[in-house]
Amino acid sequence: AIPYLSTRTENLFEYELCRRIRAVTEPKKAKVGVLSSFPVMGRPPAPQKGDSGAPRWLAFAELARDWQLVELSPDVREIPSDLAALIVLHPSGFSQRARYAVDQWLLRGGRLAVFTDPQSAYALLMAVKTKNYGLANFSASEFEPLVSAWGFEAPAESVAADLEFKSDRIGANGALVTVPTALAVTDKGLSKTDPATARLSALRLEYAGFFRLARPDAGLKYEPVLFTTDMAREASISDIPEKILASFSSNDKAGLEKLTMGWRIEGMFPTAYPSGPPGGGVSAESLKRSTKPGMVYLFGDCDFLFNDACAAQIPDEFRQNLVIRRND
């Protein structure tokens, strides 16, 4: 039986119909691994610690309708071989052994989506909400040495600022403030040839990092899938919006460039650990290059998957909560 479908999501009707047909014809879901320093899969309550728990992020609740999500630990030593894909979100505090495990899994033909963030608004929010201010030390994430091995440079503590994708906000004093690092990306910043982004037209990102392709590998193909306009420049996380705006107002246009915040990389990957497992010497099973083609989607923001940025829950005609996407 197909339950009620809201007219507010009419543009997703064909998708929802195909999803239901697939659920019947393929009852066994493929497995997707989830590796994150955030409780994206939810957290059960622990009354003895005064912890009320946390719900699963809406984006991952949506994924769970079509895939069997397998949560992995940030210190995992081996990625299960039966995963169809792996999601790595905000790799902060991951052990080098876990990164090595991801590296070796990718070289065996893995499919990987990586979401890093130079400053996670969610991490800062949780530090204040839980009064655990030590969490602020984990607001930045990176995925070295893998990102470098794939050919990229990601400037530390730098974010993308765009004069065309800028957002206007109401400041603390009630005045309108223009924030060049709060990006309202239109279809001008999304690849129309990649199937993951071709039909998207609006994404909102806060303090998004970017990746420069500095040392492309001959065995890999690279395609930008998420990017700024030509009216963009590198900005420091610590700079206030007024200072960043002033840098655009100057006559110096030398710093303007198109910055890429999302890449698709596919092909035969080199290892990020040519000397073998970290701390363990050379292993006979340690791969130096892909044995079959792999694929990576690499993004410089993870907050756009958090509930408040990703979607809003509003009551529909039958007073049931309906999830409306804020980010495509």
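## Close-up views of a predicted model

Figure 1. The mean positions of the 38 positive and 39 negative charges of the protein lie 4 Å apart. Please keep in mind throughout that this is a predicted model. About 17,200 Å² of the protein is accessible surface, and carbon and sulfur atoms account for 55% of that area.

**Figure 2. The overall fold, with seven helices and 17 strands.** The protein has a radius of gyration of 21 Å, close to the 20 Å that the globule rule gives for 328 residues, so the protein is as compact as a globular protein of that length. Of the 328 residues, 45% are buried. If we take contacts between residues at least 6 apart in sequence, 71% of them join residues at least 24 apart.

**Figure 3. The largest nonpolar core and F115.** This core has 39 residues, and those touching the most other members are F60, L89, F115, V185 and L226. Here is a closer look at F115: leaving aside neighbours within four places in sequence, F115 is in contact with I87, V88, L89, H90 and P91, and also with F299, D301, C302, F304 and L305. A second, separate core holds 33 residues, among them F94, L106, W263 and Y273. In soluble globular proteins, nonpolar side chains tend to be buried together.

**Figure 4. F94, a member of the second core.** You will find F94 in the loop between β3 (85-89) and α3 (96-107). With a relative accessibility of 7%, F94 falls under the 20% cut-off and therefore counts as buried. Not counting residues up to four places away in sequence, F94 touches L35, S36, S37, P74, V88, R99 and F143. For a sense of scale, F94 and R215 are 121 residues apart in sequence, and their C-alpha atoms are 25 Å apart in space.

**Figure 5. T116, in the loop between β4 (111-115) and α4 (121-129).** Is T116 buried or exposed? T116 is buried, because its relative accessible area is 6%, under the 20% cut-off. Which residues does T116 touch, not counting residues up to four places away in sequence? They are P91, S141, F143, F211, F299, G300, D301 and C302.

Notes. Residues numbered from 1 in each chain as written. Predicted model: local features only at pLDDT ≥ 70, side-chain atom pairs only at ≥ 80, totals over all residues. Heavy atoms only, no water. Helix = DSSP H or I, 4+ residues; strand = E, 2+ residues; numbered from the N terminus. Rg over C-alpha atoms; globule rule 2.2 N^0.38 Å. Buried < 20%, exposed > 50% of the residue type's maximum accessible area, 1.4 Å probe, protein only. Contact = heavy atoms within 4.5 Å. Areas by Shrake-Rupley, 256 points an atom, 1.4 Å probe, with all protein chains shown as cover. Lys, Arg positive; Asp, Glu negative; His and termini not counted. Charge placed at Lys NZ, Arg CZ, Asp CG, Glu CD. Core = buried A, V, L, I, M, F, W, Y, C linked by side-chain atoms within 4.5 Å.
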